[in-house]
Amino acid sequence: MRYFFVLLALLAVPGWAADIDSVAILSKIDAQVSFMDSDFSAEVQMTQTKPGEGISQRTVALFRRDREQKFVMLLLKPDSDRGKGYLKVGNNLWLYETIPTRRFIVTSAKDRFQNSNARNSDFTRSTLATDYRIVSLTKEKLGPFDTTVYQLEARHNEITFPKMKVWVTADSLVRKTEDYSLSGQLLRTTAMPSYQEFKGRFVPKKVTIIDALMGKTLNGVFKNETTEYSLSKLSTDPLPSLIFTQSYLEKNSQ
Amino acid sequence: MKKMVAFFAVFLIAGVLSAQESSDELFANPEPDGPADTSQKVPLEAFSGQSMRFFESLKVDGYYVTGKNAKDEVVNSPVNALNFGFGTDVRLDKTARAYASLYLAYPNPRKPAETTLYNPYEPPVDIAVSEELTFTQIQVKELFLDYSLGTFAIARVGRQTATWGQGRLFNPGNLVAGIGDGMAAKVSAAVGPLTVTTAFIKNDGLYQVSGDTASIISFASVGTALLTEYSSPWFSTGLSGFYHYNLGEKGSAYVKSSFWGTDFFVEGLGEWGLMGEQSWTGVTGVYREIGGRVKWLKLQAEWLVSGRGNDGSFSVVTNRNLGWNDQTVGLAATSELLGFIGMKPSVMWLHSLADSSGQLVVGLVNSSLAHIDLTAAVSQTYGGAASRYVVNNPDPQKRMLSLTLKASFQFEVKN
């Protein structure tokens, strides 16, 4: 019996140690792109390309209060969508409807953002440490970057993608991710080749999301749907609490 | 079969390979990391100072409804309707906004025979229409002024629409029901971690009960509602109340959250009339979307239970009193599975456990043509002659089984 417990402890320790490493490594990655000690606001310019269908563009105002897990997104363009918005607090996401009546509905945070290839969760603060554990790692060259590639698997089922691969440089910045379904099917690839440094944190200059499933075969070649977005007008000025209320969306709705 | 599998394999591999190739290209010559440009900031009042915006909308519906009523008689009724809406939206500066939404309609819609403040079973649509070939006068849908009190509070005064309460199928927590038919002053403020909203609602038709002919400044036509909400990362909760001089008080509380990919809510409502009447209502529900990119099922399920004493003058369920244990269940579902051919199937089933009456509607909407929706729907109402859903059948012809074919043309322009 004694040997059984020793064996059990020997088996358990590497897993426990790996889990501690996961939290430490992923927390460092999260910390690089999160604003826990201030509010954060930015303007997002988004371009979605659907092969054979054309390009659509959106401009979005983004307001975040990472320490309270709150964020607001408000569409500024195109005109047909201006004033539409989301409020997210933790797991709850509010969408303000004006038709047939003005009311808020709660919906799953896994929804795609405005039918683009981006998810609402792409714009909230990074929570890799609480959402994933590292199951393996390798070294890989990614363009000019020496990266560590972490294979991640979800700790719970409250997140958008059950499995991920992330390419991380020595400065703990994620340069590329691949998101997978539970069965291991690649769903999308996200590239963040360059960052802008801001108040000791880092914000991607441009993010490119390549949808692995959606697209169209044109002239015999399969073209993926892509969404590109860039963040500008960065600020950490304190935001009024009223921004993170349903009333703010109601006021700005058209 | 093998060829088909091979074809799909090549198709999938091609997709993955092209994704990989595309992402690799992005790292061929990346822009170096560098400091952010902080010369500009996102304005908090995104639309302040916008020039006057005009908007117009047109909706033309043609229906043909056929079916059988409770006497087994076939009743056919073609219905045509036209709604032309227009309005303006002016944001003078970061403090003030004026908004007007007006419409003309044909035919002249008849007001529902009874609008009940306390009715949680309000039919989703009123399709009762007169047969007169007349348009309405210009009607006001919304006409209000927004005013921001710094970054602390937002006030909205005028005719406005709003819905409180958590239920999508049954919504007894909507304490501001009727706000869209009257005038209201509403103020929302962030107070610490709470959001507090107060509304004073004047609605002569709704609140002047007991034949009260009070003047326009009388409290008899004004209801007061208060909503306080708190949101944490794990759940949201709220308390609301309503008071009216002639009707008494109502209080409501809810908790909602989202986990396991599912939205949950529980809401309770208590009512206290001036003569000591009491009633209570509880509603709980879940909403879940199933599927990946294509949601093959969007499911809403709700259960409502209400009870009250023998006095019918103050009641949650004003039109049908079904006692202390009045339970109703509702199920609604839609699917995106046929979205690739522009089809959207949906089903809604409401069933009263208290009197075994209910309504089942199965519909299919085709939106593949620009601006045009084509709808086919079958509706079955069942229950005894005096049961809730038979009495409250929203079909003015009271058909128990009906087929509706509908074509809608609509567009909206904003500039």
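View 1. E197(A) sits opposite F202(A), a residue of strand 13 of chain A. Strands here are DSSP E runs of at least two residues, helices are H or I runs of at least four, and both are numbered from the N terminus. Strand 12 of chain A runs antiparallel to strand 13 of chain A, with four bridges between them; for two strands to count as paired, DSSP has to find at least two bridges. This is a predicted model, where local features need pLDDT of at least 70 and side-chain atom pairs need 80 or more, while totals for chains, interfaces and linings use all residues. Residues are numbered from 1 along each chain as its sequence is written, with chains lettered from A and ligands numbered from 1 in the order in which they are written.

View 2. Strand 12 (residues 195-198) of chain A pairs with strand 1 of chain B in the parallel sense, over two bridges. Put together, you get an open sheet of three strands in the order 13(A)-12(A)-1(B), with mixed pairing. Strand 13 (201-204) of chain A and strand 1 of chain B are the edges: each has a single partner strand, so one side of each has no neighbour in the sheet.

**View 3. The contact between the chains.** Chain A puts 62 residues into the contact and chain B puts in 51; "in contact" means C-beta atoms, placed from the backbone, within 7 Å. On the chain B side, the elements giving two or more residues are helix 1 (2-26), strand 1 (34-35), strand 7 (183-191) and strand 11 (248-259). Helix 1 of chain B has the largest share of that side, eight residues.

**View 4. The largest nonpolar core.** This core has 60 residues, and those touching the most other members are V60(A), V72(A), M73(A), L74(A), V166(A) and I243(A). A nonpolar core is a set of buried Ala, Val, Leu, Ile, Met, Phe, Trp, Tyr and Cys residues joined through C-beta atoms within 7 Å. Strand 3 (residues 70-77) of chain A gives the most to this core, six residues. Beyond its neighbours within four places in sequence, V60(A) has contacts that include V44(A), M46(A) and M73(A).

**View 5. Around V207(A).** V207(A) belongs to strand 14 (residues 206-218) of chain A. Why does V207(A) count as buried? Because it has 20 C-beta neighbours inside 10 Å, and the cut-off for buried is 20 or more other C-beta atoms within 10 Å, with 12 or fewer for exposed and partly exposed in between.

Methods. Contact = placed C-beta atoms within 7 Å.
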